[in-house]
There are 4 protein chains.
Amino acid sequence: MVLNLLFVGDVVGRPGRRALQRLLPRLIDRHQVDLVVANGENAAAGFGLTRDTMNELLDAGVDVLTTGNHVWDKREICGQIDDFPRVLRPLNYPDGTPGRGSGVFQTSAGYKVGVLNLEGRIFMSALDCPFRAADAAIAELRRETPVILVDIHAEATSEKVAMGHYLDGRVSLVVGTHTHVPTADAMILPGGTAYQTDAGMTGSRDSVIGVRKELVIEKFLTQMPVRFDVAKKDPWLCGVVCRVEMATGRAVAIEQVMERVD
Amino acid sequence: MVLNLLFVGDVVGRPGRRALQRLLPRLIDRHQVDLVVANGENAAAGFGLTRDTMNELLDAGVDVLTTGNHVWDKREICGQIDDFPRVLRPLNYPDGTPGRGSGVFQTSAGYKVGVLNLEGRIFMSALDCPFRAADAAIAELRRETPVILVDIHAEATSEKVAMGHYLDGRVSLVVGTHTHVPTADAMILPGGTAYQTDAGMTGSRDSVIGVRKELVIEKFLTQMPVRFDVAKKDPWLCGVVCRVEMATGRAVAIEQVMERVD
Amino acid sequence: MVLNLLFVGDVVGRPGRRALQRLLPRLIDRHQVDLVVANGENAAAGFGLTRDTMNELLDAGVDVLTTGNHVWDKREICGQIDDFPRVLRPLNYPDGTPGRGSGVFQTSAGYKVGVLNLEGRIFMSALDCPFRAADAAIAELRRETPVILVDIHAEATSEKVAMGHYLDGRVSLVVGTHTHVPTADAMILPGGTAYQTDAGMTGSRDSVIGVRKELVIEKFLTQMPVRFDVAKKDPWLCGVVCRVEMATGRAVAIEQVMERVD
Amino acid sequence: MVLNLLFVGDVVGRPGRRALQRLLPRLIDRHQVDLVVANGENAAAGFGLTRDTMNELLDAGVDVLTTGNHVWDKREICGQIDDFPRVLRPLNYPDGTPGRGSGVFQTSAGYKVGVLNLEGRIFMSALDCPFRAADAAIAELRRETPVILVDIHAEATSEKVAMGHYLDGRVSLVVGTHTHVPTADAMILPGGTAYQTDAGMTGSRDSVIGVRKELVIEKFLTQMPVRFDVAKKDPWLCGVVCRVEMATGRAVAIEQVMERVD
Ligand SMILES: [Fe+2]
Ligand SMILES: [Fe+2]
Ligand SMILES: [Fe+2]
Ligand SMILES: [Fe+2]
Ligand SMILES: [Fe+2]
Ligand SMILES: [Fe+2]
Ligand SMILES: [Fe+2]
Ligand SMILES: [Fe+2]
C-alpha cells in the first residue's frame with residue numbers, strides 16, 4: 001500500500017497561484033495524489049504570504065503550506081500564522097517564533113503524513129542548527145507515522161545534499177526549495193529516502209527566478225535599489241511526486257513534475 | 001551547418017577525471033562533438049588544478065578547460081597557467097591576474113569557437129562586474145566567430161539566470177557551474193541562446209557535491225575543521241550538448257548529459 | 001601653513017542632525033576648522049538622505065557630505081543627487097551611477113581640498129575595487145591639490161586599515177565610517193597620512209549604533225522583521241580633526257573628536 | 001571592596017606573545033590586577049593556538065584564555081583543549097564541541113570570577129544564538145559569583161553593542177574582540193555593566209590587524225591566495241582594566257589600556 005505525495009516548489013505571486021489552480025486538479029488526478037504540500041513563501045506578490053493568498057492556495061487543493069526566509073515579508077502574517085494550522089514556517093527559528101515547523105496531517109482517506117519544514121544557514125539567516133532540529137522533530141513525528149516529507153529551504157547545494165543523506169532512512173522525502181530552479185537529481189538514496197535538491201518554482205519561467213528579468217538585470221548592472229515585480233509570461237508548475245510505502249515510510253519512486261500552463 | 005559543443009561540469013578529483021576519460025570518447029562519438037569544454041576547478045583532489053591534472057584532462061580529449069573560485073587552490077598554478085593557453089580562469093578577476101578569461105579555439109575541422117569564463121559575485125569573492133566584463137569580451141570574440149560558449153561560475157541562481165537573459169542573442173550557450181548539482185532547465189532563450197543554470201559535476205554522485213558525505217555532515221554538525229576528501233562511489237559525468245548554427249551562432253538545440261560509468 | 005579639516009562620522013537621523021547643528025559652531029571655532037566633511041548616509045530617519053536633510057546639513061556648516069551603502073535608501077535621491085555638487089557617493093559604484101565619488105572643494109579662504117568617498121567590499125555589496133578606483137581618482141585630485149581627505153566606508157577593519165596603508169603618502173587623511181563605533185587608533189602613518197579606522201557616529205549613544213536598543217535586541221533574539229527607529233537619548237558628535245600642511249598635503253596632527261550635547 | 005580585572009585583546013603571534021610577556025608585569029602592578037583574561041585565538045603564528053603557546057601565555061601571567069573563530073586553526077587543539085581548564089572556546093558552539101565556554105576562576109586572593117566567551121553570528125559561522133546561550137550560562141555563573149567578565153568575539157558592531165545592552169546589569173564587563181582595532185567607547189552602561197566594543201589586539205601595530213601590511217594589500221588588489229605572515233614592528237598591548245564591586249558585580253570603572261613595548 002503506497003501513498004502518493006505531491007510537493008510543489010515556491011509559488012511566486014499571482015502567476016504562480018494561477019498556475020497552481022489550473023494545473024493541480026489534473027496532477028492530483030494523474031498521479032492519484034494523496035497529499036499536496038506546496039512552498040508558499042513567495043505567494044503574495046513574490047514576497048511572503050497574506051491571509052488571502054494562504055486561503056487561496058489551501059482552497060485550490062494544497063493540504064499543507066511550507067515556507068522559508070521570506071515567510072515574514074508581509075508582517076501581518078506574524079500575528080496570523082497561528083490561525084493556520086496547515087501553514088508551517090521553518091522549524092529551526094528561535095524558540096518563541098509564531099507558527100510551528102512540523103505537523104502531522106491526514107490524507108482524505110485518513111492516513112497520516114508528517115511534514116517538516118527546515119531552513120539552511122549557509123548564506124542565510126542566523127538560525128538554530130537544522131540538522132539537530134530535524135533529529136528531534138523526526139523522532140516525534142515517527143511516533144505517529146513513518147511517512148514524512150521534509151522541505152529543506154536553503155541556498156547552498158552542499159547543505160541540502162548533506163541533509164538528504166543525514167535524514168536518509170528516517171524520512172520518506174527530502175526536497176529542497178529556495179533557489180527557484182529545479183534540479184535534475186531526483187533519486188532514491190541508499191536508505192530509502194527520496195531526494196531532489198530543489199523542486200524549482202511555480203510561476204513565470206520567462207523571468208529571473210520569478211521576477212521580471214529586466215529588473216533583475218538592472219539590479220546587477222547598477223547595484224541601485226530596484227523594485228522587483230513578479231513576471232507573468234510562461235507560467236509553469238514545478239515539483240516532485242513521491243510514492244511512499246505506508247507501512248515503512250520508504251520511498252518507492254520519485255518523479256520530477258514540470259508542467260506548463262497551456 | 002551546425003557545430004556540436006559539449007560542456008562538461010566541474011570535474012572533481014581522480015574519480016571525476018577517470019569518469020571523463022571513460023565516458024568522453026563515446027559521448028564525442030554519439031553526439032558528433034566538435035569541441036569539448038570542461039570546468040576543471042576541482043580536478044586536483046577536489047581543490048584546484050595542477051600541471052598534471054590539466055595535462056591529463058587535455059589528453060583525455062578536452063579542448064578547453066574553464067575554472068572558477070577554486071582555480072588557485074594549488075598555488076603553483078599561478079605561475080603555470082600562462083603556459084596553458086587552453087586553460088581559462090574567470091575573466092572578471094582583477095587586471096594583472098595570471099591567465100586569461102576568454103579565447104578563440106578551433107575545432108578539428110578548423111572552425112572557430114569563442115569560449116568565455118565568468119565568475120559571479122553573489123556569496124562569492126569581490127571581483128569585477130561579470131556582466132560588464134562579458135560585454136567587452138563578447139564584442140571582441142564576435143569579431144572572429146559568432147559561436148560563443150559562456151561558463152558562468154556562480155552560486156546564486158538569480159545571477160546565473162540573469163546572465164543567460166543578459167547575453168541572450170549574443171552568444172550560443174550560457175551554462176552555469178559551481179553548485180555541482182545539474183539543473184533541469186535546459187532551454188533555448190527567446191534570442192537564440194541555449195541555457196542551463198548548472199551543468200552539474202563530474203565525479204562521485206554518492207557524495208555531497210563530490211566530497212565524502214560523512215565528512216560534510218560532520219562539518220555541518222560540529223562546525224569544526226574537517227578535511228574534505230573526494231568521494232569515489234558511483235561516478236557520473238554531467239554536462240550539456242549544444243547544437244549551434246555556425247553562420248549565426250544561434251543555438252538550435254540543447255540536451256542535458258548525465259552519464260554513469262558502468 | 002596648515003589647513004584644519006574636520007570630519008564628522010555618520011549622522012544618524014534627527015538626533016544626529018540636531019547634535020551636529022548644536023556642536024558644529026563651537027568645534028569650528030575651537031579647532032579653527034577650514035573645511036567640514038560629514039558622512040550623511042543615515043541622515044534621514046537613519047536610512048539614506050533626502051533633499052531636506054542634505055540642505056539642513058549643508059546649511060548647518062557642513063561643506064561636503066560623503067555617504068555609503070545606505071545612500072539610496074530614500075529612492076528619490078537617485079534623481080536628485082546630481083543637483084547637489086557637494087554630496088558625494090562612493091566612487092567605486094558602477095559606471096553610470098548618479099552622482100560622483102570625488103571632488104575638489106574650496107575653504108572659505110579659497111584653498112582647495114580634494115575629497116574622495118570609497119566603499120569597501122568585504123561583507124558589503126559587489127562593487128568595483130576601491131583600491132584601484134582610488135588610484136585613478138587621487139592622481140586626478142592631486143593635479144589640483146595635495147590636500148586630500150578620504151572616507152572609506154567599510155565593514156571590515158582589515159579593508160580599512162589596508163586602505164590607510166595603501167594610500168599612505170598620497171593623501172592627507174584616510175578615515176573610516178560605517179560601523180558607527182569610534183576607534184581608538186588615530187595616528188599618522190609613516191608616509192604622512194593621518195588615519196583612523198572609524199570616525200564613529202553622530203547621534204544617540206544610548207542605542208545600538210543609532211537605533212533604539214530594544215529593537216535591535218529583539219531582532220537578534222527573534223530573527224523576525226523589526227522596524228528600526230532612531231534612538232534619541234544622549235546624542236554625541238564623533239569625528240576627527242586633522243591638521244594638514246598645505247604645501248605638501250602631509251598630515252601634521254590628528255585628533256579624535258567625541259563631543260556630547262550638554 | 002573591588003576586584004581589578006584586566007582583559008587583553010587578541011594576542012597575535014610571537015610579537016603579541018612577547019609584548020604580553022614584557023608588559024603584563026607592569027600592568028598588573030600598576031592597576032593592582034586581580035585576574036588577567038586574554039583572547040588567544042591568534043597566538044600561534046596568527047592562527048589558532050598550540051599547547052606551547054597556551055602554556056607560554058598562562059606562564060606569562062594570564063589566568064584565563066578566551067578564543068574565537070580561529071580557535072581550531074591548529075587542528076591538534078581539538079584533542080588538547082580539554083586538558084586546559086583555563087582555556088575557553090565560545091560557548092555557543094554546537095553541543096559536543098570540545099572544551100567549554102565558561103568557567104569560574106579564582107584570583108590569587110581566592111575571590112571568584114566568572115568568565116564567559118561568546119561568538120557572534122553576523123558575517124561569521126552558523127552557531128547557536130549567543131544571546132540565549134548567555135542567558136543560561138550567566139544564570140549558572142551567578143550562583144557562584146556576581147563578578148562576571150564576557151568576551152563577545154564578533155565582527156559586527158551592532159551585535160556587540162546589542163550584547164552589551166542585553167547583559168547590562170547581569171555581568172560586570174562585556175568586552176568585544178575579533179576586529180583587532182581598539183574602540184574608543186569604554187563606558188559603564190546604565191545597569192552597571194562596563195562595556196567596550198573591541199579591546200583591540202596585542203601585536204604589531206605597523207600591520208593590517210597583525211599581518212604584514214604588504215601581504216594584505218596584495219590580497220585585496222589581486223584576490224589571489226596570499227600567505228599571511230605575522231608582522232613584527234611596533235608591538236602594542238591593547239585591552240581594558242575594569243574595577244568591579246565584589247559584593248554586587250557592578251563595574252565602578254573601566255579604563256582602556258594601550259601600551260607600547262619600549
Ligand atoms: Fe522562494
Ligand atoms: Fe527563499
Ligand atoms: Fe566546483
Ligand atoms: Fe566553484
Ligand atoms: Fe552609517
Ligand atoms: Fe554604512
Ligand atoms: Fe583575532
Ligand atoms: Fe576572530
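How many residues does the contact take from chain C, and how many from chain D? Before I answer, let me say that what we are looking at is a predicted model, so please hear every value that follows as computed from that model. The answer is 37 residues from chain C and 37 residues from chain D.

Let me stay with that pair of chains for a moment. The size of an interface is often given as the accessible area lost when the parts come together. For chain C and chain D that area is about 3200 Å², with 69% of it on carbon and sulfur atoms. On the chain C side, A184(C), F220(C) and L221(C) supply 20% of the area buried against chain D, which is more than any other three residues give.

One residue on the chain D side that I would like to show you is H165(D), which sits in helix α5 of chain D, residues 157-167. Leaving aside residues up to four places away in sequence, H165(D) touches D206(C), S207(C), V208(C), K213(C) and I217(C) from the partner chain, together with L189(D) from its own chain. Its relative accessible area is 12%, and because the cut-off for buried is under 20%, H165(D) counts as buried.

Now to chain C and chain B, where six residues of chain C are in contact with six residues of chain B. The area buried there is about 580 Å², and carbon and sulfur atoms give 41% of that. In chain C, the residues that lose the most area to chain B are R121(C), A126(C) and R132(C), together making up 64% of what that side buries.

The iron ion written as ligand 7 has D10(D), E41(D), N42(D) and H180(D) as its protein donors, at 2.1 to 2.2 Å. The angles among those four donor atoms run from 89 to 164°, and the site is irregular. E41(D) bridges this ion and the iron ion that is ligand 8, the two lying 3.5 Å apart. Along the chain, the donors of ligand 7 follow the spacing D-x30-E-N-x137-H. Distant parts of the chain are linked here, since N42(D) is in the loop between β2 and α2 of chain D while H180(D) is in the loop between β7 and β8 of chain D, 138 residues apart. Both are buried, N42(D) at 3% relative accessibility and H180(D) at 8%.

In chain A, the iron ion that is ligand 2 has E41(A), N69(A), H153(A) and H178(A) as protein donors, again at 2.1 to 2.2 Å. This site, too, is irregular, with angles of 83 to 146° among its four donor atoms. E41(A) coordinates both ligand 2 and the iron ion that is ligand 1, and these ions are 3.5 Å apart. Of the two histidines, H153(A) lies in strand β6 of chain A and H178(A) in the loop between β7 and β8, 25 residues apart, and both are buried.

That strand brings me to the sheet in chain A, which is open, has six strands in the order β4-β5-β6-β7-β9-β8, and shows mixed pairing. Strands β4 and β8 of chain A stand at the edges with a single partner strand each, so one side of each is left without a neighbour in the sheet. Strands β6 and β7 of chain A run parallel and are joined by five bridges, and L149(A) has L173(A) as its bridge partner in β7(A). Packing on this sheet, helix α4 of chain A touches β4, β5 and β6, its direction making about 170° with that of β5(A).

Note on methods: Residues numbered from 1 in each chain as written. Chains lettered and ligands numbered in written order. Predicted model: local features only at pLDDT ≥ 70, side-chain atom pairs only at ≥ 80, totals over all residues. Heavy atoms only, no water. Donors = N, O, S within 2.8 Å, 3.2 Å for Na, K, Ca; no water. Tetrahedral: all angles 85-135°; square planar, octahedral: opposite > 155°, others 65-115°. Helix = DSSP H or I, 4+ residues; strand = E, 2+ residues; numbered from the N terminus. Buried < 20%, exposed > 50% of the residue type's maximum accessible area, 1.4 Å probe, protein only. Pairing = 2+ DSSP bridges. Contact = heavy atoms within 4.5 Å. Axes fitted to C-alpha atoms, helices over the stretch in contact; angles between N-to-C directions. Buried area = accessible area lost by both parts, 1.4 Å probe.
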